[in-house]
Structures are given as structure tokens and as C-alpha cells.
Amino acid sequence: MKPQAHQGKKARNFGENLESDLSARFLRVVEIAAIDSARTMGQGERKHADKVATEAMRRTMDSIPMRGRIVIGEGERDEAPMLYIGEKVGAEFPAGPEVPEVDIAVDPLEGTNLCATGAPGAITVLAAAERDGLLHAPDCYMEKIVVGPSCKNAVDLNATPAENLKNIAQRLNRDVEDLVVIVLDRPRHEKLITDIRKAGARIRLIGDGDLSAGIAAAVLGTGVHAVMGSGGAPEGVITAAAIRCLNGYMQGRLVIDKPELEERIKKMGIKDKNKIYEAEDLAPGKQIIFAATGVTDGALMKGVRFFGEGTRTSSVIMTLRTGKVRFIESIHLDKNADVKVRFA
């Protein structure tokens, strides 16, 4: 007896479910970029490390069936040879089926100094969403505060650090003295650091990598309860994509302190320079993919490990609509007849 065909059912189009169709492909983008940049680790050449990661990421993206558009990248077209803002990436199917339109935010190597010196915490990272699902943020600083799900709507950029810390402590049912706040170690944060210490909280100063710090603040059990201070606005958009996938809470406000920035945000259609953005404003997409691979060892992921006959990578990939956070260990084997697989 022949099985009956389902009546009226059609196969969905490729890319209709952006997260399931493209997650594995974007994972490969960050993996390849991490492997190539890890080969430069400790050589003291931060610009070369970033260049290598950018080239690897761009090359791999052109194998993905999509109409991709870089909305956060390496800079404007005249500043960056590839992965510049507005650049089109991706490939069509040979037979001509429709491919999805995707907006992409990239940081080919977050922590170039960390990679160049062999310090922990360097990662390759990207976020992707449907068209117009990620804010096109100017290349300037952004004031940020990032907390976990328990502290939604408990913090405000207009409040003092002491007020925010008090509210965080109440939501977490602990004392302010028990809180740990991550702050970038920069001269511009001197007053912020003084205020946090005066309030009684503890501080973990970091040299680079506030994106990874934001993820840590949104997750239970990391020993980090908040991220405060200003960092790059483009990185803020990528952080927001991760925060949405993790159900955390974030506020950001652009730091517009130069006349040329005033002109630029006007051209970008940003009317209120003092607007406080939440994660949903920075990454409003209905489908979001966040992917990152460790280059050097960090709190979330191990760095790239070379073992003679292959390479091992540690990655995280998150999706919003499907509600998944996957930690992925991959072994990339060399192509030769005598290759041996190593799990440990």
C-alpha cells in the first residue's frame, strides 16, 4: 500500500526560518576567523591579527546562500577594504531559489590587544537578523549598563551608580557589598570607578572585551552582576543581540561629543542624541543569531588549540525565536590519510 502524500503542505522556503537555516553556517564563519587569528596569537601585531580575522570572516561569508548586508563592521567603505558598513556579502543558489535578506553585525576579533599579547578573552563574534533587525550604530562611544533577567527595569542610565547598585542588590536579594561590577579600565571611567567603590560594590577591571563581559552579566553563576561604563556603540549592538537571546536587560546611550558626530547621526536618521536605547531598540529583529568562538582562553569559551593533525575550537551560538544557547566544541581535522582524531 502506497503511503498517502500530505495534502496542501509545502516545503518552506530556505531562510524562512533564519535561525535554523543559517546558524550552522554563521558558526563556521566565526570558527574559521578564530582559527586564522589564533595563528597570530602572541606575536604583538594587533593590526595583522585583526586583518587576518577580517579576511577569513569575509571569505567564509561568501559561501553562505543569502543576501547579506553589513550594518556593523570594520568602518566606512573608505576606511576598510572589506566588511565595511553597507557591504553586500553572501552567495545565491546556482539554481536560482530565493535566499534570505540578512543584516549582519561583526567584530572579526574582539580583543585585538588580547590576541596580540596572548592574554585571555579574545573572541571572534557576529550577530545576524532579518533585514532592519539590527540598528546601524555610528562608530562612537556608548554609555552602557547590562544586567541579568532578575534586574529588568531596575537600572537606569539617568540614575547614579549608587542608586543602580542598590536596586540590583534588592532584586538579587543580597547586599551591595556582594555585587561585582565589570568596568573597562580607562581614564574616562575614573569617576565611575570611584562612585562604585564608594557605594560598596566590588569592581573587576578589564583591559578589553566589554562584549564578553555583557554576556557574563546576563547569565547566572558567572559571579558578575553588572557591566557599567562606556564602550564602542557598534559592540553595543552586538551585545544587545546576545542580551535578547539570554533574556537579559541593557540600556545604552550614544556619546555624541563632537560636531562631526552630530552631523553623522543626522545623516543616519537618529534624531534624539540623548535617547536611551534598550536591547530591543538596538537589536529589534524577530529572528536573531549570535555566534562567537574563543581565540584565547576566556570565562565562556576556551581558545583555539592546535594539536598537529587538526584544530579544536570552542564556540557559543544563541538564537532568539527558537530559544537555544548551544556551546559547541569542534574538531577540525587535517585532510591526510594518516590523521588521528584527538578528543582530549
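Strand E6 (180–184) and strand E8 (226–232) each supply at least two residues to the lining of the largest cavity in this structure. Keep in mind that you're looking at a predicted model.

**The cavity**

- A search of the whole structure turns up one cavity of 30 Å³ or more.
- The volume of the largest cavity comes out at about 60 Å³.
- If you want to find it, look for its lining: Lys144, Ile182, Val183, Leu184, His189, Asp210, Val227, Met228, Gly229, Ser230 and Gly231.
- E8 gives the largest share of that lining, with five residues.

**The H6–H7 pair**

- Helix H6 covers residues 210–218 and helix H7 covers residues 233–246.
- Their axes come within 9 Å and cross at roughly 20°. Angles under 35 degrees count as roughly parallel, so H6 and H7 are roughly parallel to each other.
- The crossing of H6 past H7 is right-handed.
- On the H6 side, the contact involves Asp210, Leu211, Gly214, Ile215 and Ala218. Across from them, H7 brings Glu235, Ile238, Thr239, Ala242, Ile243 and Leu246.
- Sort the residues of this contact by type and you get seven nonpolar, two polar and two charged.

**Where the two topics meet**

Methods
Residues are numbered from 1 along each chain as its sequence is written. This is a predicted model: local features need pLDDT of at least 70, side-chain atom pairs count only at pLDDT 80 or more; totals for chains, interfaces and linings use all residues. Side-chain values use heavy atoms; hydrogens and water are left out. Axes are lines fitted to C-alpha atoms, for helices over the stretch in contact, and angles run from 0 to 180 degrees between N-to-C directions. Helices (H or I, at least four residues) and strands (E, at least two) are DSSP runs, numbered from the N terminus. Angles under 35 degrees count as roughly parallel, over 145 as roughly antiparallel, 65 to 115 as roughly perpendicular and the rest as oblique. A crossing is left-handed if the near helix is turned anticlockwise from the far one by less than a right angle, and right-handed if clockwise. Contact means heavy atoms within 4.5 Å. Ala, Val, Leu, Ile, Met, Phe, Trp, Tyr, Cys and Pro count as nonpolar, Asp, Glu, Lys and Arg as charged, and the others, Gly among them, as polar. On a 1 Å grid over the protein atoms alone, a cavity is a set of points where a 1.4 Å probe fits but cannot get out, and a pocket is an open set with protein on both sides within 12 Å along at least five of seven lines; lining residues have an atom within 4 Å of a point. Grid points are joined across faces, edges and corners, and a volume is the space filled by probe spheres set on the points.
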